[in-house]
Amino acid sequence: MSTNQQVSPEQRRYQALAKKHTPKPPVLRHAVAAFIAGGLVSVVGQFLTNLYARLLHLTPDKAGNPAVATMILIGALLTGFGVYDRLARLAGAGLAVPVTGFANSIVAEALEFKREGLIYGVGGRMFTLAGAVIVYGVVTAFFVGLFKALVK
Amino acid sequence: MASGATLRARPAPRRIGKQTVQFENPPAIIATGTVVGPLEGKGPLGHLFDHVTEDELVGQKSFERAEQMMLQNAAYTALNKAGLTPEDMDYMLSGDLLNQLITSSFSALAVGVPVFGLYGACATSAEGLGLGAMLLDGGFANYVMVATASHNRTAERQYRYPNEYGFQRKPHAQRTATAAGAAILARSGEGPRVTIATTGKVVDRGIKDPYNVGAAMAPAAASTILTHLQDTGRRPQDYDLIATGDLALYGHRLLVELGRTEGGIDLEPVLDDCGLMLYGQDQEVGAGASGSGCSAAVTFASILKDMRDGRYKRVLVAATGALHSPCSFQQGEYIPTICHAVSLEV
């Protein structure tokens, strides 16, 4: 977001007044909720990784892939059942940061815009929220890869 | 300059003060219709609304369609109560929150009344009442329908995130109400009358956070209410109630403070807010309600009933609207806001 306008003294005074009257988010409570929820998600992920490693006789590295896929499926299903947004309201970043949150953002868009059809609705809107994560994830990966190749 | 001088020589007979008109034959609100969603139906005013829908989709294929059905239902309910038909209506003044006013246009198509589309966001109810009263008092109509609606699900996807997206709401965020209201104004008849209308100016006091519309709109409410009092020579205590549109909890407090600091008056004893009345405190809606349907449903179902029952004699409805769009706030613009006020009297 850019700030493209001058702030008048009157606006500055009101901004200060509004700030005084606007409640601060309960940061500590949010942090604790996110810590617990994020931790629980990680425990489930670890459990799945161990399970796949044992069942499919995979190395822990390889077992991570089906585990992540399963987590994405769970996130998508919970979104479809209308549960994920309610849980995330309590858990905040604890459910937004893990891969389940990524799944939620994509499925929520797809569900929301399915009435606009499969092409312009689902196809065109699916990555409206996730798109930024993908774009900057790829860009970051590119520069990290470049750095690694150069330093070597 | 010449035209200005001509205007001064022949002042408009109904204008008083800077932004206010006083009607010679104040039109009456002869009937209203209100339809709200399930959560609003469970709120403290739930029993006052004409219809409470069972779910947010109302048997339609989309939430947009549901919003239109609610607005039409409110319109037909008001017509039935008045014993009138759409053919009796000379004009419909209708507004909503959706892009290009699709709720209003599709509803006006169904009802089949000549229509003016209004965009005043959550201030549409008072904007419509004021303009409708002008049409009637000016002799341009016998009956005018004022209608507006908002829907939580359609507003969420247009202004915020998809409905199933998980995120933490800020404590000062307001919930767009799923509600529709229609009122029929008539040149003659029984009912509370629209006596005075004050049209608001657009106000911008530098609030950018679209979740904090209550704080953004409070200065607009202060501007219009203070101008109204100045134009009419009235004091806050001349009103039994001054009901703001939907400032919700924190905007309401800011307005009380602005009244003291900028107007030197104490609004608090007579001030209430439609956004605070619609939901109960246990309904987890953040700071309160918003949406164009909120002030319409609360005013038409609750405040007008209290006036007919004799609880209030004179009420100022000061509906407030945030006029930003997703485009304007993503481009870093402040939120332009407005407040329109109408004085209702029995």
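Author: A polar contact is a pair of N or O atoms within 3.5 Å; within protein, one must be able to donate a hydrogen and the other to accept it, and residues adjacent in sequence count only if both atoms are side-chain atoms. By that rule, 13 residue pairs, both at pLDDT 80 or more, are in polar contact between chain A and chain B. This is a predicted model: local features need pLDDT of at least 70, side-chain atom pairs count only at pLDDT 80 or more, and totals for chains, interfaces and linings use all residues. Side-chain values use heavy atoms, leaving out hydrogens and water.

Reader: What makes B:Arg205 and A:Glu10 a salt bridge?

Author: The rule asks for a side-chain nitrogen of Lys or Arg within 4 Å of a carboxyl oxygen of Asp or Glu. The closest N and O atoms of B:Arg205 and A:Glu10 are 3.4 Å apart, so the pair qualifies. Across the interface of chain A and chain B, the rule finds four salt bridges.

Reader: How many residues of chain A and chain B are in contact?

Author: With contact meaning heavy atoms within 4.5 Å, 38 residues of chain A touch 36 of chain B.

Reader: Why is the space called a cavity?

Author: On a 1 Å grid over the protein atoms alone, a cavity is a set of points where a 1.4 Å probe fits but cannot get out. One cavity of 30 Å³ or more is counted. Lining residues have an atom within 4 Å of a point. Of the 16 residues lining the largest cavity, those closest to its centre are B:Arg160, B:Thr176, B:Val213, B:Ser290 and B:His324.

Definitions and conventions
Residues numbered from 1 in each chain as written. Chains lettered and ligands numbered in written order. 1 Å grid on protein atoms, 1.4 Å probe; cavity = no way out; pocket = protein on both sides within 12 Å on 5 of 7 lines; lining within 4 Å. Points joined across faces, edges and corners; volume = space filled by probe spheres on them.
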